[in-house]
Amino acid sequence: MEKVVIVTGANSGIGLALCERLLTEDSQLRLCLACRNMQRAEAARSALLTSHTDAHVDLLHLDVGSVQSVLTAAQEVKARYNRIDFLYLNAGIMPNPQVNVKAFFKGLFSRNVVNMFATAEGLLTQQDLLNSDGLQEVFATNLFGHFLLIRELEPLLCETGHMSRVVWTSSSNARRSAFSMEDIQHRNGTEPYSSSKYASDMLSVALNRHKNSQGLFSSVVCPGLVMTNLTYGILPSCFWTLIMPIMWLIRIFTNTFTLTAYNGAEALHWLFLQKPESLDPRSKYHSLTSGLGTNYTQPRQMDIDEGMCEVFYSKLLELEKVIRGETESNADKAANGLR
């Protein structure tokens, strides 16, 4: 029986590299590229079919930063498929990144250079905005939209007698210090990306506690330092031209500089081959590349408190009720306006 695999943010970077690796591993799987930009999604599909001519590759319009888009896409998924084997939650944004240039150059020539590039701690801030649903844009795209998608797809993900997998693309930038339980959307902070990634780590732990008995297993991945569109957007291109030789040199001495999307997708691909019951729900699975270019996966314990995970899960369920109520109310108003 062919496996059904859905990948969000699949039209470029790590998402597209993952799709390429999955089709190379199993040419019989049914792969669905869930993307916001359908023109880029079609280009990605064409590229995949060029190298895998007999592959089954579907497209799905999905903007995880929009509640209505998530609800519409979920209905489409339920109409197309009778189960889901893997749901890779890879889409994410880091809007308007601002770099502390002084800290950057100070760290570049210090013993802390590897940690600086690996975690961006003390280096990056972002300016977040409200989206059309009244949610913080980074929180909505990186976390809540995916949470709502899981909730909508539970009939397929929690099917009796079947095991399904949810895999989150997290980050080494996911830090507890950036997250506040009193401000889960990070409205009042300057590190929404870090906060959202730490939130996805917590949510994964909570999902395992609540859904393993129903056949749903969740894992978290860190792709390492990968040069994707998101990364290149952090600094002007001239900066990357100057420091890339240094980064390739540093890679000889550290395993976290995966650099390419193919290498960054290593742990995502590795999880595709594992049995869920053999995995540690409190570990983040890191894509690593040795100085000689060998890719491998290594689990590392997350800085997670299970009590916090439960509180956070409850807050998401409460927010879901509010958002669904507002969506239904807006739909009713729109319908009445047409009469």
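**Close-up 1. Salt bridges across the predicted model.** The structure holds 17 salt bridges. A salt bridge here is a side-chain nitrogen of Lys or Arg within 4 Å of a carboxyl oxygen of Asp or Glu. This is a predicted model, in which local features need pLDDT of at least 70 and side-chain atom pairs count only at pLDDT 80 or more, while totals for chains, interfaces and linings use all residues. Residues are numbered from 1 along each chain as its sequence is written, and side-chain values use heavy atoms, with hydrogens and water left out. One network of salt bridges links Lys78, Arg151, Glu152, Glu154, Lys211, Glu320 and Arg324.

**Close-up 2. The salt bridge of Asp85 and Arg83.** The closest N and O atoms of this pair are 3.2 Å apart. Asp85 is buried, at a relative accessible area of 9%. Arg83 also counts as buried, with 9% relative accessibility. Buried means under 20% relative accessible area, exposed means over 50%, and partly exposed lies in between (1.4 Å probe, protein chains only).

**Close-up 3. Arg175 and Glu191 in a salt bridge.** Their closest N and O atoms are 2.6 Å apart. Arg175 and Glu191 both lie in the loop between β7 and α8, so the pair ties together parts that are 16 residues apart in sequence. Both residues are buried. Helices (H or I, at least four residues) and strands (E, at least two) are DSSP runs, numbered from the N terminus.

**Close-up 4. A salt bridge between Glu310 and Arg209.** The N to O distance is 4.0 Å. Glu310 belongs to helix α13 (residues 306-338) and Arg209 to helix α8, so the contact ties together parts that are 101 residues apart in sequence. Glu310 is buried, with a relative accessible area of 18%. Arg209, in contrast, counts as exposed at 57% relative accessibility.

**Close-up 5. The open sheet of eight strands.** The strand order is β3-β2-β1-β4-β7-β8-β9-β10, and the pairing is mixed. Strands β3 (56-61) and β10 (295-301) are the edges, each pairing on one side only. From one strand to the next, the twist averages 25°. Axes are lines fitted to C-alpha atoms, for helices over the stretch in contact, and angles run from 0 to 180 degrees between N-to-C directions. Two strands count as paired if DSSP finds at least two bridges between them. Strands of a sheet pair through backbone hydrogen bonds, either parallel or antiparallel.

**Close-up 6. Strand β8 and its neighbours β7 and β9.** β8 (residues 216-222) is mostly covered, with seven of its seven residues buried. Leu216, Ser218, Val220 and Cys222 point one way from β8. Phe217, Ser219 and Val221 point the other way. In a regular strand the side chains alternate between the two faces of the sheet. β7 (residues 164-169) runs parallel to β8 and is joined to it by six bridges. Ser164 stands opposite Leu216 in β8. The chain passes from β7 through helix α8 (residues 192-211) to β8 in a right-handed β-α-β crossover. Right-handed means that, with the strands pointing away from the viewer, the path from the first strand over the helix to the second runs clockwise. Three bridges connect β8 to β9 (residues 283-289), also in parallel. In β9, Tyr285 stands opposite Val221, and Lys284 stands opposite Val220.

**Close-up 7. Strand β2 between β1 and β3.** β2 (residues 30-35) is mostly covered: five of its six residues are buried. Five bridges pair β1 (residues 4-8) with β2 in the parallel sense. Val5 stands opposite Leu31 in β2. Helix α1 (residues 13-25) carries the chain from β1 to β2, and this β-α-β crossover is right-handed. β2 and β3 pair over six bridges, again parallel. Leu60 in β3 is the bridge partner of Ala34. A right-handed β-α-β unit is made by β2, helix α2 (residues 38-51) and β3.

**Close-up 8. A nonpolar surface patch of Leu249, Ile252 and Phe253.** Together, the three residues have about 370 Å² of accessible area. Leu249 sits in helix α10 (residues 237-251). Patches are made of residues with over 30% relative accessible area and no salt bridge; like charges are joined within 9 Å, and nonpolar side chains (Val, Leu, Ile, Met, Phe, Trp, Tyr) within 5 Å. Accessible areas come from the Shrake-Rupley method with a 1.4 Å probe, and for residues only the protein chains shown count as cover.
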